[in-house]
Amino acid sequence: MVFNVLCAGIVECSNTFEDEEDSELPGQAIIYRAARERLYGLLLPTKTDGIDAAPKVKEYFVYYGNSLQQPDLVTPVPPNLPGGTPALDILWFSQNPEVKTLRFSTFLAVFDLQDVAEDLGRLNPPLIALSCLLIYIALQESSLCLEDVDAYISTALCVPLKTYGELACIEVPWVDARAVQLGSLFVRGLATLIAANSACGLPLDMDSLMPWKMFDGLLFHSKYLQSHSGYTEEQLLEENVALLPHFHQLKSLVTSTCRRRDKTIPSWPRGGPSAKPVGGGSSSRERRPLFCDDRGQPPHLGPRHPLGDPSASQQEQGHRPRYRNQHRQRYRLAPRWPQYPHSRPDHP
């Protein structure tokens, strides 16, 4: 994102997991727009810099009602920092020890959380990222409830203790569309957070911000259903009492920060199934764990060439060629690189 903003002034995100029929949760493009505005304000000149016509960023972000035919023009907003917006060359290249604190405070200012720098500084990077996103989402979106917060926190605390096999064999009794959207919302927010970390000169170790350090989709879905079904904190943490102090610390940080800003996160348990079961079968006893073999074990992952078997075709390696519909107008996969630095291509 940083490269695209600086070189072309264009940012794209044309695919997402969102339920158009559920208006309770806004699209991730809308929720994270305020953070992106401040991120752009860090990278580009703003009106406060004495420029009459500050540049605007062209955003092609998918959300309900947006056909992606024309970009949303987003005006950069300077982060709220006591000394003003710091210069990028200082954030990126300075070796001064004091700049380390400046990088972290600037990073938090992108999410308007610079007032909790001391509390967040006591956490390790994955939990800093988790707390930033939970506080930000709770302040932006009124439908986030305590049960959602519990699911996010318990997922982040439990996922480092699980093996690939344990994660792959997690079974959820039913699919909840809201849980899917909340999971997607978190991962999209993490992408924005990683971009902010890059723009601020890497105040946090980038490897610690990778999604698998704090999140797993199936595990979160399971915790979400448990939390909304009335599971206790101990049950959410799988009876690992050593995690309870960390759970309480993170939850208190999120809720107390919101209260200081006159925002109370409500409790809103949603109870039982709201969609179809998954895993096969008509009852919970007949359902089998997802992605597991007949013995209930995950598929064996033997050694493999880093890029696959060079002599095998894509079908033999298990890859399905992407079908591109020439008449597809609604959504478009965002390119990985800025192939069109000056304008968006006319075709979808």
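How close do the axes of helix 3 and helix 10 come, and at what angle do they cross? Select residues 33–43 for helix 3 and residues 177–199 for helix 10: their axes come within 11 Å and cross at roughly 20°. Axes here are lines fitted to C-alpha atoms, for helices over the stretch in contact, and angles run from 0 to 180 degrees between N-to-C directions. That makes helix 3 roughly parallel to helix 10, a label for angles under 35 degrees.

Now show the side chains. On helix 3, the contact is made by Ala35, Arg36, Leu39, Leu42 and Leu43. On helix 10, Thr192, Ala195, Ala196 and Ala199 make it. Contact means heavy atoms within 4.5 Å.

Before moving on, a word on what you're looking at. This is a predicted model, where local features need pLDDT of at least 70, side-chain atom pairs count only at pLDDT 80 or more, and totals for chains, interfaces and linings use all residues. Residues are numbered from 1 along each chain as its sequence is written, and side-chain values use heavy atoms, with hydrogens and water left out.

Helix 3 lies across strand 1, strand 2 and strand 3, running at about 150° to strand 2. Those strands form an open sheet in the order 1-2-3, with mixed pairing. Strand 1 and strand 3 are the edges, each pairing on one side only. On average, neighbouring strands are turned by 25° against each other, direction ignored.

Zoom in on the pairings (two strands pair if DSSP finds at least two bridges between them). Strand 1, residues 10–13, runs parallel to strand 2 over 4 bridges. Pick Val11 and you'll find its bridge partner, Glu59, in strand 2; for Glu12, the partner is Tyr60.

Is strand 2 largely enclosed or largely open? Select residues 57–61: 4 of the 5 are buried, so strand 2 is largely enclosed by the rest of the structure. Buried means under 20% relative accessible area, with a 1.4 Å probe and protein chains only.

Finally, zoom out. The protein chain has 13 helices and 3 strands; helices (H or I, at least four residues) and strands (E, at least two) are DSSP runs, numbered from the N terminus. Of its 348 residues, 45% are buried.

Technical notes. Buried < 20%, exposed > 50% of the residue type's maximum accessible area, 1.4 Å probe, protein only. Parallel < 35°, antiparallel > 145°, perpendicular 65-115°, else oblique.
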